[in-house]
Amino acid sequence: NVQGGNEFADSVGLMGEYGSGDMLDRQGNPMDPKDVNAFGMEWQVKPDEGDPMIFSYPEGPQWPDSRCAMPNWTDPKKKNRKKKDHAREQMVGHQEL
């Protein structure tokens, strides 16, 4: 839970619902917290649906022509990095105990 003022009390988005962190779609319906890819796709900037332009220059995949680019975990270097990141997270978690 977030402590502080109510400036963002009704905000939702890629960071989740303010206060609870619940993952909600654009209509306010709960999403599966394990499906982070679907959640990210739900919150891709969509100017044709009223989202403002948030970057100075459009780069990379742009809605509606293409969806967000997903990482390719079949690359052995990326798989190894993912394993190292997981191991590092485990070590940090044990050190905090």
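Residues 24 or more positions apart account for 19% of the contacts in the chain with a separation of 6 or more, where a contact means heavy atoms within 4.5 Å. The model is predicted, so local features need pLDDT of at least 70 and side-chain atom pairs count only at pLDDT 80 or more, while totals for chains, interfaces and linings use all residues. Residues are numbered from 1 along each chain as its sequence is written, and side-chain values use heavy atoms, with hydrogens and water left out.

**The whole chain**

Display the chain as a cartoon. It has 2 helices and 0 strands; helices (H or I, at least four residues) and strands (E, at least two) are DSSP runs, numbered from the N terminus. Of the 97 residues, 14% count as buried. Buried means under 20% relative accessible area, exposed over 50%, and partly exposed in between (1.4 Å probe, protein chains only).

**The segment before α1**

Select V12, which is placed in the segment before α1. V12 has a relative accessible area of 38% and is therefore partly exposed. Leaving aside residues up to four places away in sequence, V12 touches E17, L24 and W43.

With a relative accessible area of 40%, S20 is partly exposed. Its side chain is joined to that of E17 by a polar contact of 2.9 Å. A polar contact is a pair of N or O atoms within 3.5 Å; within protein, one must be able to donate a hydrogen and the other to accept it, and residues adjacent in sequence count only if both atoms are side-chain atoms.

**The salt bridge**

Select R26 and D51 together. Their side chains meet in a salt bridge (2.9 Å, N to O). This pair links distant parts of the chain, with R26 in the segment before α1 and D51 in the loop between α1 and α2, 25 residues apart. A salt bridge is a side-chain nitrogen of Lys or Arg within 4 Å of a carboxyl oxygen of Asp or Glu. A search of the whole structure finds 1 salt bridge. R26 counts as partly exposed because its relative accessibility is 24%.

**The loop between α1 and α2**

Select Q44, which lies in the loop between α1 and α2. Q44 counts as buried because its relative accessibility is 5%. Not counting residues up to four places away in sequence, Q44 touches both R26 and D51, as well as P61, Q62, W63, S66, R67 and C68.

Move to D48, in the loop between α1 and α2 (76–96). D48 has a relative accessible area of 52% and is therefore exposed. With residues up to four places away in sequence not counted, D48 touches W63 and P64. The C-alpha atoms of D48 and W63 are separated by 8.1 Å, and these residues are 15 apart along the chain.

**The largest pocket**

Finally, select V45, F55, E59, P61 and Q62, which lie nearest the centre of the largest pocket among its 13 lining residues. On a 1 Å grid over the protein atoms alone, a pocket is an open set of points where a 1.4 Å probe fits, with protein on both sides within 12 Å along at least five of seven lines; lining residues have an atom within 4 Å of a point. The lining divides into 10 nonpolar, 2 polar and 1 charged.

Definitions and conventions
Nonpolar A, V, L, I, M, F, W, Y, C, P; charged D, E, K, R; others polar.
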